[in-house]
Amino acid sequence: MQNNVIDKKEGADLKISCDKESTAGAVSQRACVFCGSRVVLYPIADALHLVHGPIGCAVYTWDIRGALSSGPELHRLSFSTDLQEKDVIFGGEKKLAAALDELIDRHNPKAAFVYSTCIVGIIGDDLDAVCRKVEKEKGIPVIPVKSEGFKGNKREGYRAACNAMFRLVGTGDTSGIPEKSINILGDFNLAGEIWMIREMYERIGVHIVANITGDGRVEHIKRAHGASLNVVQCSGATMGLADMMKKEYGIPAIRVSYFGIEDMAESIYAVAEHFKDDEMMRKAREVVKEELSIIYPKIQEYRKALSGKKAAIYVGGAFKAFSLVKAFRLLGMDVVMVGSQTGTASEYRELQEITDPGTIIVDDSNPLELSSFLQEKNVDIFVGGVKERPIAYKLGVAFCDHNHERKEALAGFIGMLNFAKEVYSSVMSPVWRFMPKVEGKSND
Amino acid sequence: MTNMPNYVSTTNACKLCKPMGATLAFRGIEGAVPFLHGSQGCATYMRRYIISHFNEPMDIASSSLGEKHAIFGGGPNLKQGLKNVTDKFHPQLIGIASTCLTETIGDDLPMLLHEYREMTKENPDVPILVPVSTPSYSGTHMEGFHAAVRAVVGALAEESVEQSNSVVIFPGLLSPEDIRYLKEISSHYSVPFTILPDISDTLDGPALLEYEKIPHGGTAIESIKKLGTAAAAIEFGWTIDNKDSAGLLLKEKCAIDHLRLGLPIGLRESDSFFKILKDLTGIETPEVYENQRGRFIDSLADGHKYVFGKRAIVYGEEDLVVGMTSFLAEIGIRPVLCASGGKSGSLENAIRSVCDGLVSETPLIHEGMDFYEIEKLADELKPDILIGHSKGYQLARKRNIPIVRVGFPIHDRIGGQRTLHIGYKGAQQLFDSIANALLEKKQNDSNTGYSYM
């Protein structure tokens, strides 16, 4: 048995190896440091995001997230220095400075993030110096993001993004921020999710200082240190920033998830609890009750159809996997495989605890492995991202997109309903009955 | 001619990077696994990008270099990676493309592969290893694609004294549907054809019971080895640089006649293709294609008014732009801008030549363009329609004009892999799509909403 997989039937002792570099030659579903930084900072809509490197890194990340903005949409453009051979030989600093000059004048952004890529790490451009110089000239923060692709995996990229954002935090005016205030960290406003979450918190009387980073704004992040609490979703992406803010500004953090009814409700209660405010807790119960009364009957309908179906999960971070396991349980479905690209040992241990015996738990998988699990477990629906989708479809298995490119809101109470509907519309489609079948297995 | 200022920065590029093209070309060879020598992100990003167009599995292995490899060299990881791919996939061939990282740290791919072959020479299962140098800081995905095909020919085609009547086609980056159509056409001539690469099955396969480690299909290795016996090689693409041309390499290596054509898009470029087939095989154009041609011309009479004089911006890969522009000129649409992110240096000549005698005014022709610049020009040129891949959608939306999606990538519609561009049938489908897009626009914009044209 490979050491990135555990099967609970065979041993309860969890010895999964994770948080390591991917094996050379495996078709890993993982990305790189740059990818990690890019996805975290991407939704900051009034900042210029300039990728310093050859064209590929910028072009493959053009408009890839479904992260919406209520105002400026600078984040949806793909800016690059498009380094050429002569830049690689003679250095790209001049080109970078000129590109920043040109783009800042053109777009008047509130800040600029400058991403370094593999090649910049090798040719040794002094990003700090260029950024300092341009920052002085233009009077806006110009922040280097140390995201050379080869320096680790996506997690390192999250760290680099958090370091970059931390340069903004603490530079804004915090006057007028009420005591009962929070920052929302780790939601990226895919399909408008952060708007729904903000509304929930506002309904219980909490003020939101900064969205980090969904529908994010530079000015808000600058004053984020004025909030009383950081509410952090997701395992890795923005926890680093919360840690730094705790150390520097003494702001406590709680971890939440907005996927699924239980976790969404808990996210609201946890904030009310933190503020030790009875009135707020009363409102929180009201909000949850109200929202549940809208969606619960509809979810029961889906549950009737989906009960007993088998689900497999392979997502970026393990934290999302926890919520998905619970969400499937709510739909009466069995999770038979769960895995992630970047989970930690303790997260996998936790996954092992909340899943049924026999569930396959996997770290940093690849298409061959994933396809064999889908078949071995005779899965009815697979949840993953774009790279996993064709594996499912090729084998005639239903699929639900649950990554940062999706266009359906899956967070919040309505999100749970959307999720049920997504799962339902794929699993119940008549098309699966026409797929090639294994002898003796029904496709209905 | 409208002059563009010389911008330093690139916004919304109209090109992809070189290694991406190489992976697509390697995907069209039987039993091959594309492999990137670089950091993990490149392979993952490209897979995601390719999968979103073809809706097919696209495995690209990577040597997954980390920081210490970037400092001490990627050789050990490359070799470990090749071993792992061999053990897991049992490929016949591994196509190894370099990246900006490994080119810059100075990894010598041919030498490392030589060492690997020496290390493994006792092992009969070692696949054919074909390296190609594709630094992402030069050229575009098309140069990468052609360079990979050339590298395969260089590595596999054997010199031969035998001479057969077979014909080789280097189609360039066409859709799987295009390649299927090419294969269908070639089946009507009584000589064997080799199409290299052939992505018709590997990037558009049927639903399966068992996941295939390597999708079936692709150009057979044995056929590639025998390229040296062919009667002639046809290479599509007016803008291919000689140093990237597989056809010219085959000519040098095995003295095979090299016939360069444009992508057979539209009437005249398709006519040239069928004429060459006739010249090479002595067989008249099969009736089925004469009929397709006839029907296409008939439809031009039926629909010419709806497209006449409409102003089009064509963008994308240079050779696709040349073919599309040629076709648009034939049907009476006025190409006002032909733009590409590529910089072959030969786009302008190619377009002037294919439009000769059909347009009253040569369109603006720009290499090295991005969508920021295309948009700037569109403000002046006021196009009625866009012809190109799906990344032009934002511009079409902003200007409230139709876009007819062709080429790669098509990320916002299904069926990109089934788009037919070439031959009379391709021309027919393009004409119908373009005329209908313009009709739909007119109908939607009208207050009356006529139910006849």
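**Reading the folds of chains A and B**

Tutor: In chain B, 75% of the contacts between residues at least 6 apart in sequence join residues at least 24 apart. Two residues are in contact if their C-beta atoms, placed from the backbone, lie within 7 Å. This is a predicted model, in which local features need pLDDT of at least 70 and side-chain atom pairs count only at pLDDT 80 or more, while totals for chains, interfaces and linings use all residues. Residues are numbered from 1 along each chain as its sequence is written, and chains are lettered from A and ligands numbered from 1 in the order in which they are written.

Student: Why does the radius of gyration of chain B agree with that of a compact globule?

Tutor: The radius of gyration is taken over C-alpha atoms, and the globule rule is 2.2 Å times the number of residues to the power 0.38. For 453 residues the rule gives a value near 22 Å, and chain B has 22 Å, so the two agree. The C-alpha trace of chain B spans about 75 × 55 × 45 Å along its principal axes.

Student: What is the secondary structure of chain B, and what counts as a helix or a strand?

Tutor: Chain B has 17 helices and 14 strands. Both are DSSP runs numbered from the N terminus: a helix is H or I with at least four residues, and a strand is E with at least two.

Student: What makes α13(B) mostly covered?

Tutor: A residue is buried if 20 or more other C-beta atoms lie within 10 Å of its own, exposed if 12 or fewer, and partly exposed in between, with C-beta atoms placed from the backbone. In α13(B), 14 of its 14 residues are buried. Over chain B, buried residues make up 58% of the 453 residues.

Student: Why is A:M333 called buried?

Tutor: A:M333 has 21 C-beta neighbours inside 10 Å, so it counts as buried. A:M333 is in the loop between α13 and β11 of chain A. Leaving aside neighbours within four places in sequence, its contacts are A:L306, A:K309, A:K310, A:A311 and A:F328.

Student: Is A:A191 buried, exposed or partly exposed, and why?

Tutor: A:A191 has 19 other C-beta atoms within 10 Å, so it is partly exposed. Its phi is near 50°, a positive value in a residue other than glycine. A:D82 also has a positive phi, about 40°, and is not a glycine. A:D82 has 29 other C-beta atoms within 10 Å, so it is buried.

Student: Why is strand β10 of chain A called largely enclosed?

Tutor: Five of the six residues of β10(A), residues 310–315, are buried, so the rest of the structure largely encloses this strand.

Student: What makes β10(A) and β11(A) a pair?

Tutor: Two strands pair if DSSP finds at least two bridges between them. Six bridges join β10(A) to β11(A), residues 334–340, and the two run parallel. A:A311 has A:V335 as its bridge partner in β11(A). The chain crosses from β10(A) through helix α13 of chain A, residues 318–330, to β11(A), a right-handed β-α-β crossover. Right-handed means that, with the strands pointing away from the viewer, the path from the first strand over the helix to the second runs clockwise. Three bridges join β10(A) to β13(A), residues 381–384, also in parallel.

Student: Which strand of chain B is joined to β3(A), and in which sense?

Tutor: Two bridges join β3(A) to strand β1 of chain B, residues 10–11, and the strands run antiparallel. A:F79 stands opposite B:T11.

Student: How many residues does each chain give to the contact?

Tutor: Chain A gives 56 residues and chain B gives 54. On the side of chain A, the largest share, five residues, comes from α4(A). That side has 34 nonpolar, 13 polar and nine charged residues. Ala, Val, Leu, Ile, Met, Phe, Trp, Tyr, Cys and Pro count as nonpolar, Asp, Glu, Lys and Arg as charged, and the others, Gly among them, as polar.
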